[in-house]
Amino acid sequence: MPKSAFVAIAGRPSAGKSTLVNALCGEKVSIVTPVPQTTRNAVRGIVNRSEGQLVLMDTPGFHISDKRLNKRLRDVAVDAFSDADIVIYLIDASRAVGPEEEALAGALAAAATRLVVVINKVDLPGAKVAAARLFVAGRFPAAPILEISALKLQGLDALLAALYERAVEGPAWYPEEYYTDQEPAFRIGEIIREKIMLHTRDEMPHAVYVSYEDSRRASDGSLHASYDLVVERDSQKGILIGKGGSMIKRIREEAEADLAQIFDYPVILKLSVRVDPDWKKDEKRLKDLIF
Ligand SMILES: Nc1nc2c(ncn2[C@@H]2O[C@H](COP(=O)(O)OP(=O)(O)OP(=O)(O)O)[C@@H](O)[C@H]2O)c(=O)[nH]1
Ligand SMILES: [Mg+2]
């Protein structure tokens, strides 16, 4: 009888959670940038093997802040840890353990019996693996500790073996050919957001949301999709458009190139920029965007 499990991935911003989901699924499921708090949703990636099905739940990086957006991101992450059968606690060995790690470990106390601790970025020369081990051994003495590099695909077979060992017999939740359950409109919006974050990371990585407007299939099979890039201020609108439209063109072209790898039909984007100074203050909007 095959096994199945929901596996949430917990970690500080930029710990490598989305990189790990993509590495385990072998596909670009979740966007990755060097900017902390890139992921805003509990994005699901699905691993299908002869042992059974793992549904991986990527989560927003756990960050302590009173801002509405951060609170919403934290709620989404904590909900995912609470619901999961197994929780991967991903620790970034390239950074020192600090108050944020302490707070996350505190939030994971309720999941202590379901934890698999994974120390990431061991490929980096300055990786503080011993310090990370000491930290978790003090807090979660019964949890297994594995070492990986999600980027260099090291240690992933041992991690999968540990996850399948903990999964229980049960039905697959998704058809075997699925590696994610995201709707195309959401996925396309995320790829656009990734390009925005990569190219405007110093100016406004968190000021933007990407709003799906509409789409249609052309007779040649291509998908024509319109998105609004919503920013908080006029000055940000200028940055996003760039000189003579150069920035928005670059974002569109790079997103279309990625989408050509993901979908088996061409995706043609129409991007517009608009300003909404209050989008982050609107509780309902945040709930619609961050889930
Ligand atoms: N050297 C190295 N870099 C890594 C590794 N895993 C992830 N990274 C890098 O760390 C950065 C953040 O990776 P993400 O996967 O976006 O991290 P995340 O935890 O999803 O971040 P948030 O969504 O912001 O919480 C990116 O620049 C990755 O390339 C690793 O194993 N080794
Ligand atoms: Mg992420």
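Between domain 1 and domain 2 of this predicted model, about 1,700 Å² of area is buried, with carbon and sulfur atoms giving 56% of it. The domain assignment of the protein chain puts domain 1 at 3-169 and domain 2 at 184-289, and their C-alpha centres sit 27 Å apart. On the domain 1 side, 16 residues make contact with 22 residues of domain 2. There's a polar side to this interface too: nine residue pairs are in polar contact, counting pairs with both residues at pLDDT 80 or more, and three salt bridges turn up across the interface. As for individual salt bridges, lysine 28 forms one with glutamate 194, and the closest N and O atoms of this pair are 2.6 Å apart.

Three strands make up an open sheet with mixed pairing, in the order 8-9-10. Strand 8 (209-217) and strand 10 (267-275) are at the edges with a single partner strand each, so each has one side without a neighbour in the sheet. From one strand to the next, the twist averages 20°. Strand 9, covering residues 223-231, pairs with strand 10 in the parallel sense, and nine bridges link the two. Valine 231, for instance, has valine 275 of strand 10 as its bridge partner.

Then there are the helices. Helix 6 (residues 184-199) lies across strand 8, strand 9 and strand 10, at about 50° to strand 9. Helix 7, residues 234-241, also packs on the sheet, where it touches strand 9 and strand 10; the direction of helix 7 makes about 155° with that of strand 10.

How values were computed:
Residues numbered from 1 in each chain as written. Chains lettered and ligands numbered in written order. Predicted model: local features only at pLDDT ≥ 70, side-chain atom pairs only at ≥ 80, totals over all residues. Heavy atoms only, no water. Pairing = 2+ DSSP bridges. Helix = DSSP H or I, 4+ residues; strand = E, 2+ residues; numbered from the N terminus. Axes fitted to C-alpha atoms, helices over the stretch in contact; angles between N-to-C directions. Contact = heavy atoms within 4.5 Å. Domains from an automatic or database assignment. Buried area = accessible area lost by both parts, 1.4 Å probe. Salt bridge = Lys/Arg side-chain N within 4 Å of Asp/Glu carboxyl O. Polar contact = N/O pair within 3.5 Å; in protein donor to acceptor, adjacent residues only side chain to side chain.
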